[in-house]
Amino acid sequence: MDSIATDRFDTSRFEASRNRLASLAYRLLGSATDAEDAVQDAFLHWQAADRQRIKVPEAWLTKVVTNLCLDRLRSAQARRERAVGAWLPEPLLDGDPMLGPADTFEQRESVSLAVLTLLERLSPLERAVYLLREAFSHSHAEIAEILDISESASQQHLHRARRRLTAARRRGGEIDPESARRIVEEFLAAASSGRTERLVALLTDDATAISDGAGLTEKLLRYDTPQRIAAVARAGFRPTPAKRRLAGGTPAVHYALVNGAPAILFVLGDDRVVGAVTFDIASGRIATVRGIAAPDRLVRLSEAWRRQEPDTPLVAQW
């Protein structure tokens, strides 16, 4: 095989792993943009390596991508961005290959915005061990090889990660899709019509709401009581000329699934998503509301939205 044919063969081997590597990087970093950069860096490492000596390309690439992501998580810039409370995971439309694998509940949960947010409480090493084990089913021997640690250290990191996540997470299980849509539609209707009592009734007693302020604030905006969330929802979902100017037009409001959770998307006529509101539902009520409107966090979601055929909007002109 000549050098050109060899390069093409080796490139095809890398491309066969690209989606899996991107999915791992996204879970580790919580950012599709950063995940794509990490995978591209891994490709450069792959091109520069003596590929004849790599016995198991998938394992080698997994190790490279994992450690590239850990370097990013440990960087001073990343610590600053995440420490000031101005960070939310980048939302992805269901069906995006970066969300896979999704065969088990644990795999689907590991890519939810709720768990991606909770993973911020872990050290980078704990985060890597947890995801390699829970989302990608690697053995502790394999994880030890990937991270250059002992098997016992891998087991200890996993135990600590599980303990920390279990203490912080809200276990609601998987919700029936029809029920989820009905709850979200009721929330939208109540918020749009200003029915405070109905909004409060749809929220759990310990509900929280988080907004990135459309990227206009340095820190996330947080609201921690059903009454406060209802007031913010009433104000936020009421269309005004100023909000339309900020959005760049009059969007339609669509129901969608984002990172496996029910969501509503504000979409302009050019199929550009200008806002996403996602919902975590527990025991038939809304436990968490997340509003994401920073343009740089919605680029990939918009691209995915353009590739699909949307259903009838919940609101044709907001």
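The model is predicted, with local features requiring pLDDT of at least 70 and side-chain atom pairs counting only at pLDDT 80 or more, whereas totals for chains, interfaces and linings use all residues. Residues are numbered from 1 along each chain as its sequence is written, and side-chain values use heavy atoms, leaving out hydrogens and water.

Helix α2 covers residues 32-48, where helices (H or I, at least four residues) and strands (E, at least two) are DSSP runs numbered from the N terminus. Its 17 residues should span 24 Å at 1.5 Å a residue, and this agrees with the 24 Å that separates its end C-alpha atoms; the expected span is 1.5 Å times one less than the number of residues. The buried residues of α2 are A32, A35, A38, V39, A42, F43 and W46, buried meaning under 20% relative accessible area, exposed over 50% and partly exposed in between, with a 1.4 Å probe and protein chains only. Seen down the axis of α2, these buried residues fall within an arc of 145 degrees, so they line one face of the helix; the arc is that of the directions from the helix axis to the C-beta atoms. An α-helix has 3.6 residues a turn, so residues three or four places apart point the same way.

Turning to the strands, seven of the eight residues of β6 (residues 285-292) are buried, so this strand is largely enclosed by the rest of the structure. Strand β1 (residues 203-211) runs parallel to β6 and is joined to it by five bridges, with V289 as the bridge partner of A209; two strands pair if DSSP finds at least two bridges between them. Strand β5 (residues 273-282) pairs with β6 in the antiparallel sense over seven bridges, and here R290 is the bridge partner of T278. Two residues lie between β5 and β6 in the hairpin that they form, and S283 in the turn has a positive phi of about 55 degrees.

The lining of the second largest pocket consists of 38 residues, of which S211, A214, G236, G275 and A293 lie nearest its centre. Elements that give two or more residues to this lining include β1, β5 and β6, and the largest share, five residues, comes from β5. A pocket is an open set of points on a 1 Å grid over the protein atoms alone, where a 1.4 Å probe fits, with protein on both sides within 12 Å along at least five of seven lines, and lining residues have an atom within 4 Å of a point.

Finally, H140 is placed in helix α8 (residues 140-147), and H140 counts as buried because its relative accessibility is 14%.
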